[in-house]
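Subject: Structure for your files

Dear colleague,

Here is the structure you are taking over. My notes on what was found in it follow below.

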Amino acid sequence: PSKKTAVVGHGVDTNIYAPGTRENRGILTIRTLGRISRAKCLDVLIMAAALLKKTKPRGWKLEIVGNPPDEEGRAYLKELLSLCEKEGVAGEVVFHPGVSHSETPELYRDTDIFVNLSATGSIDKAVLEAMSSGCSVVSSNEAFFAVLPEPSLVRQPTPKNVAGAILKVWDEKRPRLDLRAVVEKQFELGSLIRKIAGIIKKDLGEV
């Protein structure tokens with residue numbers, strides 16, 4: 001806590017993170033993006049995928065994109081790979097190495113449902129970027145409880161609840177322009193710049 005601290009939030013470049021055309025390949029892509037860490041609750045997501053397979057035996061894939069940041073993360077990745085085998089979803093769950101930030105806009109445009117189960121309790125910019133790109137979104141992060149519509153929320157991140165939320169948004173019409181509009185109104189880069197400029201002017205005594 002400090003009088004010198006000003007919470008300014010995130011700024012998403014909605015010109016870069018925008019919906020695009022994609023081929024209808026007849027397969028639904030569920031994707032999550034971020035470091036391989038226990039805080040991301042990826043084991044819960046994999047077990048949710050196993051439940052999804054019972055309802056939707058084919059026609060979808062789950063891609064986990066990210067790198068383990070340390071030895072603990074590498075050990076967690078091994079656990080996740082073993083869990084995929086155990087739960088019978090090694091064919092549906094695909095792991096990809098992390099990508100550079102410049103590559104993420106195309107990744108979001110190729111995503112149907114973006115899932116974020118981060119337990120950090122703070123706004124995850126990846127979710128905002130996915131929203132701006134027109135993806136359907138599922139999140140258990142409490143920071144989004146006042147941002148996302150109820151069908152997108154997982155208030156208790158159990159495999160059953162996560163699978164249920166994914167099924168709720170499964171057949172949504174995409175791109176989700178309503179979610180993009182939320183980012184444009186509350187988290188757009190230009191708004192962030194104006195907010196920071198206003199704080200600087202105030203501190204300089206110009207306003």
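The accessible surface of the protein chain is about 11,100 Å², and carbon and sulfur atoms hold 54% of that. Areas come from the Shrake-Rupley method with a 1.4 Å probe. This is a predicted model, in which local features need pLDDT of at least 70 and side-chain atom pairs count only at pLDDT 80 or more, while totals for chains, interfaces and linings use all residues. Residues are numbered from 1 along each chain as its sequence is written, and side-chain values use heavy atoms, without hydrogens or water.

Of the 207 residues in the protein chain, 42% are buried (under 20% relative accessible area).

The fold has seven helices and five strands (DSSP runs: H or I of at least four residues for helices, E of at least two for strands, numbered from the N terminus). Along the sequence, their order is β-α-β-α-β-α-β-α-β-α-α-α. Taken along the principal axes, the C-alpha atoms fill a box of roughly 65 × 40 × 30 Å. Of the contacts (heavy atoms within 4.5 Å) between residues at least 6 apart in sequence, 74% join residues at least 24 apart.

One residue in detail: Ser139 is part of strand β5, residues 136–139. Ser139 counts as buried because its relative accessibility is 0%. Its side chain reaches the backbone nitrogen of Asn141 at 3.1 Å. Beyond neighbours within four places in sequence, Ser139 is in contact with Asn116, Phe144, Leu148, Ser152, Leu153 and Val154.

Regards

How values were computed: Buried means under 20% relative accessible area, exposed over 50%, partly exposed in between (1.4 Å probe, protein chains only). A polar contact is a pair of N or O atoms within 3.5 Å; within protein, one must be able to donate a hydrogen and the other to accept it, and residues adjacent in sequence count only if both atoms are side-chain atoms.
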